[in-house]
Amino acid sequence: MGEQCPACGSERLTETEKDLTIHEAFAGSKTIRIKVSTCGTCGFSGEFSDHNDRLRKETASELQQTAMQNILSYFSDNHYSFAGIERSLGLAQRTLTKWKSGATVPTKTALALFRLLRLFPWLLDVADEGFDTVRARKKYLQHSLEEFIQCIPDEQLAQPKADVS
């Protein structure tokens, strides 16, 4: 017995393919071809098998592994110490090296944390300082001010303030 239409139970199905693009922060995108079935009896159309789900999960997993490797490469390229990061976050020794090489796979929670650390690297300083609230706020404001100043054109920074008296 083959695939059946979930709406009417008919086996008169035709299959087409369509492209689906899966996006992953820090890893880019990958396009996969998924199968869409249409019932010749009732006209119902959709994904009737688990083939597409498996393909989506495999592709997402590959992209997530690439994302973690890219994030860790960013930290390495910018002279962050893996040992220091592991110590600050309470991770086992060589965890990041194993993730970067693909020897072990990080959890989705770990990937989410490292996405945030990639977006806001100053959070590593917060972790290194024991997540102290006051110091965390100072780091946030310091980083925000530095980012703000970078947005100001150089010629405006060089001009003296106008006298308003």
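**Aromatic pairs**

Modeller: This is a predicted model, and searching the whole structure turns up six aromatic pairs.

Biologist: Nice. How are the rings of Trp99 and Phe114 arranged?

Modeller: Their centres are 5.7 Å apart and their planes sit at 90 degrees; planes over 60 degrees apart count as edge-to-face, so this pair is edge-to-face.

Biologist: And which parts does the pair tie together?

Modeller: Trp99 is in helix α3 (residues 95–101) and Phe114 is in helix α4, so the contact joins parts 15 residues apart in sequence.

Biologist: Are those two buried or exposed?

Modeller: Trp99 counts as buried at 8% relative accessibility, and Phe114 is buried too, at 1%.

Biologist: What about Phe120 and Trp122?

Modeller: That pair is edge-to-face as well, because the planes are at 65 degrees, with the ring centres 6.3 Å apart. Phe120 is partly exposed at 35% relative accessibility, whereas Trp122 is buried, with a relative accessible area of 15%.

Biologist: Which rings form a cluster?

Modeller: Tyr74, Phe75 and Tyr80 do, linked by ring pairs.

Biologist: And what lies over the face of Tyr74?

Modeller: Arg118 does, at 3.6 Å from the ring centre.

Biologist: Changing topic: what's the mean pLDDT of the chain?

Modeller: The mean is 93, and 95% of the residues reach 70 or more.

Biologist: Which elements have the lowest and highest mean values?

Modeller: Helix α7 (residues 154–158) has the lowest mean pLDDT, 76, while helix α4 (residues 108–119) has the highest, 97.

Note on methods. Residues numbered from 1 in each chain as written. Predicted model: local features only at pLDDT ≥ 70, side-chain atom pairs only at ≥ 80, totals over all residues. Heavy atoms only, no water. pLDDT = per-residue confidence, 0-100. Helix = DSSP H or I, 4+ residues; strand = E, 2+ residues; numbered from the N terminus. Phe/Tyr/Trp six-rings, centres within 6.5 Å; stacked < 30°, edge-to-face > 60°. Buried < 20%, exposed > 50% of the residue type's maximum accessible area, 1.4 Å probe, protein only. Lys NZ or Arg CZ within 6 Å of the ring centre and 35° of its normal.
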